[in-house]
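Me: I've got a protein model open and I'd like to work through it bit by bit. Can we do it as questions and answers?

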Amino acid sequence: MSYIDSNLLDGEHVVFRTRLHWLLFMGPFLFIVIVLLPATWFLASGTWSSYAWIPITLGALVLVATFIKRQSSDFAVTNKRVMMKVGVFSTRSIELLLNKIEAIAVEQSLLGRMVGFGDIVITGSGGTKEAFSRIQSPLEFRRAVQSVADVPANSPPAAAPRSPGGQVS
């Protein structure tokens, strides 16, 4: 069970959910292709062939660590608050009530706009700012917060928006 699901309040339901973007794997992938594969080839073709497993193992560890980082990130908009959590061993979690959010800024580079990731900065009452980088579908995240914040507290919930994968959250 995810952090979000295990911390929902009574009567609270998830309206939109996302996580860190898959582009998170680009750095480790480039490191493997540019550094580790040539190192493996160099070791395997020489007298050091018994050590060729080291770069391969290092590459696998880097990919597993990145996968865990992505899977352990959770960003959600509920009908009552915005919840965000990143990290496994050292975690950072933020929960803001919808009526305490003053602004949500989305920052996207050209590449971010093309493949659908960006940074979000949530400004809470009192001017506190919480920033999260490389979020998948940041514009949809902001739109979900705005749509839920516009609904009066006593009205029935609107139909749940679809997540980037086309699934209802």
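**Core, helix and hairpin**

Me: Which residues have the most contacts inside the largest nonpolar core?
Reply: Keep in mind that this is a predicted model. The largest nonpolar core has 22 residues. The ones with the most contacts inside it are Val82, Met84, Ile101, Ile122, Phe141 and Val145.

Me: Why do the buried residues of H5 line one face of the helix?
Reply: The buried ones are Pro138, Phe141, Ala144, Val145 and Val148. An α-helix has 3.6 residues a turn, so residues three or four places apart point the same way. Looking down the axis of H5, its buried residues line one face because they fall within an arc of 120 degrees.

Me: What covers those buried residues of H5?
Reply: Remember that the buried set includes Phe141 and Val145, both also listed among the core residues with the most contacts. The cover over the buried residues of H5 includes E1, E2, E3, E5, E6 and E7.

Me: Now the strands. In which sense do E6 and E7 pair, parallel or antiparallel?
Reply: They form a hairpin with 4 residues between the strands, where Gly126 has a positive phi near 90 degrees. Over 6 bridges, the pairing of E6 and E7 is antiparallel.

Me: How far apart are the C-alpha atoms of Asp119 and Ile135?
Reply: Asp119 sits in strand E6, and its contacts beyond four places in sequence include Phe132, Ser133 and Arg134. Asp119 and Ile135 are 16 residues apart along the chain, yet their C-alpha atoms are separated by 5.9 Å.

Me: Is Arg134 buried, partly exposed or exposed?
Reply: Arg134 is in strand E7 and has a positive phi of about 55 degrees although it is not a glycine. Most residues other than glycine have a negative phi. Buried needs under 20% relative accessible area and exposed needs over 50%. At 39%, Arg134 is partly exposed.

Me: What about Ser137, buried or exposed?
Reply: Ser137 is in the loop between E7 and H5, and its phi is positive too, near 55 degrees. Its relative accessibility is 9%, so Ser137 counts as buried.

Me: Last one: how many helices and strands does the protein chain come to?
Reply: The chain has 169 residues, of which 34% count as buried. Along the sequence the pattern runs α-β-α-α-β-β-β-β-α-β-β-α. That comes to 5 helices and 7 strands.

Technical notes: Residues numbered from 1 in each chain as written. Predicted model: local features only at pLDDT ≥ 70, side-chain atom pairs only at ≥ 80, totals over all residues. Heavy atoms only, no water. Core = buried A, V, L, I, M, F, W, Y, C linked by side-chain atoms within 4.5 Å. Buried < 20%, exposed > 50% of the residue type's maximum accessible area, 1.4 Å probe, protein only. Helix = DSSP H or I, 4+ residues; strand = E, 2+ residues; numbered from the N terminus. Pairing = 2+ DSSP bridges. Arc of directions from axis to C-beta. Contact = heavy atoms within 4.5 Å.
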